Amino acid sequence: MEQRLTEEKVFKDPVHNYIHVQDPIIWQLINTPEFQRLRRIRQLGTSYLTFHGAEHSRFSHSLGVYEITRKIISQFERSHYPDWPKEEKIVALCAALLHDLGHGPFSHSIEEAFDMHHEDWTCRIILGDTEVGAILRRYASDFPEKVASVIQKTYDKPIVVNLITSPLDADRMDYLLRDAYFTGVNYGTIDLDRILRMLRPYHGRIVVKESGMHAVEDYLMSRYQMYWQIYFHPVTRSSEIILRQIFKRAKQLMKQKFNFRFMLDPLPQLFEGSLSVKEYLQLDEALIQTAFMQWRKENDAILRELCERFMDRRLYKYVEIEQHDVALMDDIRKAFAEVGLEPEYDVEIDFPTDLPYDVFRPDESTEKQILLLDRQDKLHELSEVSDIVRSISGIQRGKHHLYYPQDKVDAVLHHLPAHIRRYFS
């Protein structure tokens, strides 16, 4: 069993003030190339093009998730769960630190473009021939599998999984606070200390003391506001659309054996879907943006224009429409093609949705529930007790937006049929 560091390591953090590292394995993992790579991955993808302060990284977020997890476990050890096994503590802390290890450049946008999931890459990195994997194996031969199973939500101790993945977990609490801080909004300023004090271990999972209900209500409302004001901001969605279109066009050109004037490894492997773990770890936002800068000189006009738009922040304009009308979109694409536009790239409908809180249903597992523990040691699902949470439970809210390059459409607007033209006037 590992001992504590002879001297505690401390990170100064704008959200948590200080992040405390006491276990050698955590310090070793932080200093691996795989974890240091997260400094080069923005936490909020393309949101920096909307909120100029949103330059924070997956590195700082991962440290924050680790710190919240450490605080919860320390509280349990002091007051409610003095026999928390040392082994389970280290598993939880390592999983918290490493939970986002597999995120790629621009986070969720690249996942959508290439149909991959960062959790899968996280587990491949943890289980693979990497420095992270080697450190975990030195701790115990089966330790990488244990940490990976927490991230996969298959670990045999649900209370450990609850810390990292649940409706009220360390991951969500840190990103709400951190994203609010760096975007300059107040929506995510939850009462973290109050929530942490109200958490309790109960029959193998984590519940909330009933007197903490209002702090949890505030947390869920903050999450609701952050999604619609930050994560689903229509300008951010515009930049994400252009980013995905760049990847789509580059993939098409690769299939057509286009002779790129500039290409960096491992981009060909990315477009072909054949990335190894070693190649995946070479991907960061600096590499992607270097490619975009060079592709502004490519012979393909579509790729060139898309990269210019993204790098120079000439984003698509958007207008709100009532619904996604397939027939209307077919008409728009046909009209665009007739006037020389690129219907595959010059128009897109976006409809973001989110469930702020999944209300309990009899046929659902308790994984999506926040449970309150009353004074009689009885459990109540949160939306049964809270009018506020019940009002936002299970409701999908969103607006359809039509995105298009205003400069190009304006140039041909008078050639478009009247029933199409009214959407762009």
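# Close-up views of a predicted model

**View 1. Ser107, a buried residue with a positive phi.** Ser107 has a relative accessible area of 2%, so it is buried (buried is under 20% relative accessible area, exposed over 50%, and partly exposed in between, using a 1.4 Å probe and protein chains only). Its phi is positive, at about 50°, although Ser107 is not a glycine. You'll find Ser107 in the loop between H4 and helix H5 (108-114); helices (H or I, at least four residues) and strands (E, at least two) are DSSP runs, numbered from the N terminus. A quick note on the model: it is predicted, so local features need pLDDT of at least 70 and side-chain atom pairs count only at pLDDT 80 or more, while totals for chains, interfaces and linings use all residues. Residues are numbered from 1 along each chain as its sequence is written, and side-chain values use heavy atoms, leaving out hydrogens and water.

**View 2. Asn17 also has a positive phi without being a glycine.** Here phi is about 70°. Asn17 sits in strand E2 (residues 17-21). With a relative accessible area of 41%, Asn17 is partly exposed.

**View 3. A cis peptide bond joins Asp265 and Pro266.** Look for an omega of about 10° at this bond. Pro266 belongs to the loop between H13 and helix H14 (267-272).

**View 4. Helix H4 (residues 86-98) is largely enclosed by the rest of the structure, since eleven of its 13 residues are buried.** Among the buried ones are Glu88 and Lys89, along with Ile90, Val91, Cys94 and Leu98.

**View 5. H4 packs with helix H7 (residues 131-139).** The angle is about 175° and the axes lie 13 Å apart; axes are lines fitted to C-alpha atoms, for helices over the stretch in contact, with angles from 0 to 180 degrees between N-to-C directions. That makes H4 roughly antiparallel to H7 (under 35 degrees counts as roughly parallel, over 145 as roughly antiparallel, 65 to 115 as roughly perpendicular and the rest as oblique). On the H4 side, Glu87, Ile90, Cys94 and Leu98 meet Val132, Leu136 and Tyr139 of H7, a contact being heavy atoms within 4.5 Å.

**View 6. The largest nonpolar core has 122 residues.** A nonpolar core here is a set of buried Ala, Val, Leu, Ile, Met, Phe, Trp, Tyr and Cys residues joined through side-chain atoms within 4.5 Å. Ile25, Leu98, Leu136, Phe143, Met173 and Trp295 have the most contacts inside this core. Helix H12 (residues 213-231) gives the most to this core, with eleven residues. Zoom in on Trp295 and, leaving aside residues up to four places away in sequence, its partners include Ile246, Phe260, Phe262, Met263, Leu303, Arg304 and Cys307. Apart from the 122-residue core lies another core, of 18 residues, among them Leu341, Val347, Tyr404 and Val412.

**View 7. Arg42 and Glu55 form one of the salt bridges in the structure, which holds 27.** A salt bridge is a side-chain nitrogen of Lys or Arg within 4 Å of a carboxyl oxygen of Asp or Glu. In this pair, the closest N and O atoms are 2.8 Å apart. Both residues are in the loop between helix H2 (33-36) and helix H3 (58-80), so the pair ties together parts that are 13 residues apart in sequence. Arg42 counts as buried at 14% relative accessibility, whereas Glu55 counts as partly exposed at 43%.

**View 8. Lys248 and Glu344 meet in a salt bridge (4.0 Å, N to O).** This one links distant parts of the chain, 96 residues apart: Lys248 is in helix H13 (residues 234-255), and Glu344 is in the loop between helix H18 (326-338) and strand E6 (348-350). Lys248 is partly exposed at 29% relative accessible area, and Glu344 is partly exposed at 41%.

**View 9. Arg314 belongs to a network of salt bridges.** The network links Glu305, Glu308, Arg309, Arg314, Asp346, Asp407 and Lys408. Arg314 is in the loop between helix H17 (301-311) and strand E5 (317-321), and its salt bridge with Glu308 spans 3.8 Å, N to O. Arg314 counts as partly exposed at 33% relative accessibility, and so does Glu308 at 25%. Arg314 touches Ile242, Glu308, Arg309 and Asp407, not counting residues up to four places away in sequence. Pro405 is 91 residues from Arg314 in sequence, yet the two are 8.6 Å apart in space, C-alpha to C-alpha.

Key:
Expected span 1.5 Å × (residues − 1).
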